[in-house]
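Subject: A structure for you to look at

Hi there,

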Amino acid sequence: MAITGNSDIQWCFSQVKGTLDDDVTEADIISCVEFNQDGELLATGDKGGRVVIFQRDAASKSSLPRRGEYNVYSTFQSHEPEFDYLKSLEIEEKINKIRWLKRKNPAHFLLSTNDKTIKLWKVSERDKRAEGYNLKEDSGLLRDPSSIRALRVPVLRPMELMVEASPRRIFANAHTYHINSISVNSDQETYLSADDLRINLWHMEITDQSFNIVDIKPANMEELTEVITASEFTPRSATCSFTPPARAPSACVICAKLLSVIVTPRCSRSQRIQPTEASSRRSYLPSRMLSSPILAVI
């Protein structure tokens, strides 16, 4: 994008990442793109289950005209192909959606999902390494304890910058149908996940329990006339909330005022909260789950 002298905005071609050849494998096709909050990082997911993170080039910020050029920052394998033996169903590794969390420390956090499983990833930098261990050499080999004559304090030495991506949470077994969207709440503690017929509410710290807040599955599937294509938290602060009881999740209901123009009629009704298949070990609900109204686009 460039701004001319008369303040008109002109869009121009800036940068290509990847190949322009027609011979592109299926796994390399991009399936989703997401900027973080300040636009410094750009994450892309592909059909091969990989997440590639690009970082904005520092020199392009000060150039005139300003150019938004990005360089590869980190690449990691987010999802692998799986097979559901109970349903005889292959689960693709394709990344359906990526969502960044607001940065609270030097590390970055993002959510990525395929058709069935959502993962929370931590992306961090490391430019120092510890040396001078007592029980092992710098090469990693263990030292003979009988050869140790004095204790030494490990020190940190500079090293080439390395970006590491590690999975922090894995959220699974909550969706019967393919997940099409995820949305992080403004409190950065909860998020939504939606498939064709249901919307679930998750807490970042609880992986084996989610709460079904919208369910439009009819008793007879032949009567199905609409499906959920996306769900989103409103970005503003809370305008409605609820506090579930500490126990008896089957008795807790939500009455949330929804602010969407295009919603399913059932969204405005009370919905029962139900645990996931793997939640038999937990019998309580978080004290704070929903702090924003839900926008469900059908």
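Below is what I found, starting with the overall picture and ending with the parts to treat with care.

**Overall picture**

Please keep in mind that this is a predicted model. The chain has 298 residues, and 38% of them count as buried. Its secondary structure comes to 1 helix and 20 strands. Of the contacts with a separation of 6 or more, 57% are between residues 24 or more positions apart.

As for confidence, the mean pLDDT of the chain is 77, with 76% of the residues at 70 or more. Strand β10 (residues 108-113) has the highest confidence at 97, while strand β18 (residues 253-254) has the lowest, at a mean of 33.

**A four-stranded sheet**

One place to begin is an open sheet of 4 strands, which run in the order β3-β4-β5-β6 with antiparallel pairing. The edges are taken by β3 (30-35) and β6 (70-77); each has a single partner strand, so one side of each lacks a neighbour in the sheet. On average, neighbouring strands here are turned by 20° against each other, direction ignored.

Within this sheet, β5 (residues 50-56) pairs with β6 in the antiparallel sense, over 7 bridges. If you want a residue pair to find by eye, take V52, whose bridge partner in β6 is T75. As a reminder, strands of a sheet pair through backbone hydrogen bonds, either parallel or antiparallel.

**Salt bridges**

Next come the charged pairs. Side chains of opposite charge can pair when their charged atoms come close. The count for this model is 11 salt bridges.

Which residue does D28 meet in a salt bridge? The partner is R50, at 2.5 Å from N to O. D28 sits in the loop between β2 (9-10) and β3, whereas R50 belongs to strand β5, so the pair ties together parts that are 22 residues apart in sequence. D28 is partly exposed at 42% relative accessibility, and R50 is also partly exposed, at 24%.

R50 has a further salt bridge with D46, where the closest N and O atoms are 3.1 Å apart. D46 is buried, its relative accessible area being 7%.

Elsewhere in the chain, R169 and E205 form a salt bridge, with 2.5 Å between the closest N and O atoms. R169 is part of strand β12 (residues 155-171) and E205 is in the loop between β15 (198-203) and β16 (206-215), so this pair ties together parts that are 36 residues apart in sequence. R169 is partly exposed, at 24% relative accessibility, and E205 is exposed, at 53%.

Going back to the pairs around R50, salt bridges with shared partners join D28, D46 and R50 into one network.

**Two buried residues**

S78 lies in the loop between β6 and β7 (82-84). Is S78 buried or exposed? S78 is buried, with a relative accessible area of 1%. Although G49 is 29 residues away along the chain, the C-alpha atoms of S78 and G49 are separated by 5.6 Å. Leaving aside neighbours within four places in sequence, S78 is in contact with G49, R50, V51, I95, S112, K119 and W121. R50 in that list is the residue that also bridges to D46. With S112, the side chain of S78 makes a polar contact of 2.7 Å.

The second residue is L192, found in strand β14 (residues 190-194). L192 is buried, at a relative accessible area of 0%. Its C-alpha atom is 6.3 Å from that of W202, a residue 10 places away in sequence.

**Where to take care**

Two stretches need a caution before you use their coordinates. Over residues 238-274 the pLDDT is below 50, and the model gives this stretch 82 contacts beyond near neighbours in sequence. Residues 277-298 also stay under 50, and there the model has 96 contacts beyond four places in sequence. Where pLDDT is low, the predicted coordinates should not be read in detail.

Best wishes, and happy viewing!

Notes:
Residues are numbered from 1 along each chain as its sequence is written. This is a predicted model: local features need pLDDT of at least 70, side-chain atom pairs count only at pLDDT 80 or more; totals for chains, interfaces and linings use all residues. Side-chain values use heavy atoms; hydrogens and water are left out. Two strands pair if DSSP finds at least two bridges between them. Axes are lines fitted to C-alpha atoms, for helices over the stretch in contact, and angles run from 0 to 180 degrees between N-to-C directions. A salt bridge is a side-chain nitrogen of Lys or Arg within 4 Å of a carboxyl oxygen of Asp or Glu. Buried means under 20% relative accessible area, exposed over 50%, partly exposed in between (1.4 Å probe, protein chains only). Contact means heavy atoms within 4.5 Å. A polar contact is a pair of N or O atoms within 3.5 Å; within protein, one must be able to donate a hydrogen and the other to accept it, and residues adjacent in sequence count only if both atoms are side-chain atoms. pLDDT is the predictor's confidence in each residue, from 0 to 100.
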